Amino acid sequence: MASSEYSTADTREDAILQVENLQTAFFTDKEVIRACDGVSFSIERGETVGIVGESGSGKSVTARSIMGLIKSPGRILGGSIRFDGEELTSKSEKQYREIRGGDIAMVFQDPLTSLNPVYTVGNQIKESLKLHQGLSGTEATKEAISLLEAVGIPDASRRVKEYPHEFSGGMRQRAVIAMALACDPELLICDEPTTALDVTIQAQILELLDDLQEERDLAIMFITHDMGVIAEIADRVNVMYAGEIVESAPVVELFENPRHPYTQGLLRSIPGSNPNADRLETIEGDVPTPNEPATYCRFAPRCPKAFDECDKVHPVPLAVDDDVDDHSAACLLYPENVSQKQAIDMHRDAATDSEEEL
Ligand code: SF4
């Protein structure tokens with residue numbers, strides 16, 4: 001059985017963002033940390049793609065690589081990031097500055113990192129409008145007020161003159177989203193945008209993103225460690241572990257039929273997922289630092305289903321079954337319609353092919 005039949009190379013033609021075999025590493029005196037180690041996924045217009053995993057899995061480094069924000073001692077070593085057909089990895093810092101906050105905007109976990117405390121919220125939105133839409137004066141003020149209204153800030157014409165410290169946490173995050181929208185982006189990257197907020201405000205921000213996406217046909221990349229949030233917002237989910245995407249599927253399929261043991265563990269650790277259990281289940285151990293080439297399964301030390309070959313063969317994303325074409329897992333237990341020996345050979349062959357491509 002040829003592994004190419006099960007290859008899950010992401011070739012969605014309508015994708016506005018296509019990331020292929022992205023390799024981003026950080027070089028220290030002692031080691032090379034392969035924070036993104038062969039990451040591939042795509043996002044279509046009007047689609048929300050979730051990237052989920054524990055801290056240290058490489059989610060934020062993936063986002064920063066796309067935004068051109070990897071600084072020394074980090075570097076993109078290989079792979080491709082195409083936005084609207086254009087390769088981004090070869091852009092200069094000057095070209096990237098135009099893309100950042102223009103076609104692609106980012107919302108971070110802590111709104112205070114994006115807001116300058118000494119300028120009014122309105123002035124900061126107007127600065128974006130000037131830079132990216134050429135608006136100034138009354139026209140920019142009007143647009144800033146209408147953006148604050150669009151993100152649900154009441155009494156926007158008064159609040160546009162207020163400073164970030166006069167806004168509550170949830171309102172600040174709405175203001176940051178308004179600033180991002182001021183650039184009229186096609187892709188919005190949200191890095192844990194609701195983690196610092198309480199549950200009610202979190203639900204409001206998720207609903208807001210959903211509404212904005214529908215109105216503007218935005219593509220959204222949503223990073224979180226929270227499977228509950230992913231269930232609310234994502235159309236498609238990529239599960240990351242130690243620098244690699246270990247499972248990828250449409251959201252309903254992933255929640256109903258998780259295949260990778262890591263995803264199964266994440267889902268079991270959602271509070272309330274097993275009402276009969278006395279205690280909340282957790283995945284024992286920590287995410288390892290990916291500081292050597294993956295010649296084995298990085299999840300093996302924590303995997304309840306690990307067997308001998310898991311320490312010797314690097315599993316790569318392959319279709320979980322021959323009749324499921326949009327669900328892949330990087331685990332030697334799949335494809336599940338072939339013998340275990342065949343599955344292991346397929347992963348070994350596919351891993352060798354991708355090493356040769358590098
Ligand atoms: S390859 Fe082995 S260790 Fe890795 S997830 Fe699959 S069963 Fe577990």
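1. Exposed means over 50% relative accessible area, buried under 20%, and partly exposed in between (1.4 Å probe, protein chains only). Bear in mind that this is a predicted model, where local features need pLDDT of at least 70, side-chain atom pairs count only at pLDDT 80 or more, and totals for chains, interfaces and linings use all residues. Residues are numbered from 1 along each chain as its sequence is written, and side-chain values use heavy atoms, with hydrogens and water left out.

2. Now the buried residues of H4: Val121, Gly122, Gln124, Ile125, Ser128 and Leu129. They sit on the same side of H4, because their arc around the axis is only 165 degrees (taken from the directions from the helix axis to the C-beta atoms). An α-helix has 3.6 residues a turn, so residues three or four places apart point the same way.

3. What covers that buried set? Helix H3 (111-114), helix H5 (137-150) and helix H7 (169-181) are among the elements that do. Contact here means heavy atoms within 4.5 Å.

4. As for dimensions, H4 runs over residues 121-133, and its 13 residues reach 18 Å from first C-alpha to last, close to the 18 Å expected at 1.5 Å a residue. The expected span is 1.5 Å times one less than the number of residues. Helices (H or I, at least four residues) and strands (E, at least two) are DSSP runs, numbered from the N terminus. Just after H4, Gly134 has a positive phi of about 70 degrees.

5. Elsewhere, have a look at Met106 in strand E6 (residues 104-107). Met106 is buried, with a relative accessible area of 10%. Leaving out residues up to four places away in sequence, Met106 touches Ala63, Met67, Ile189 and Asp191.
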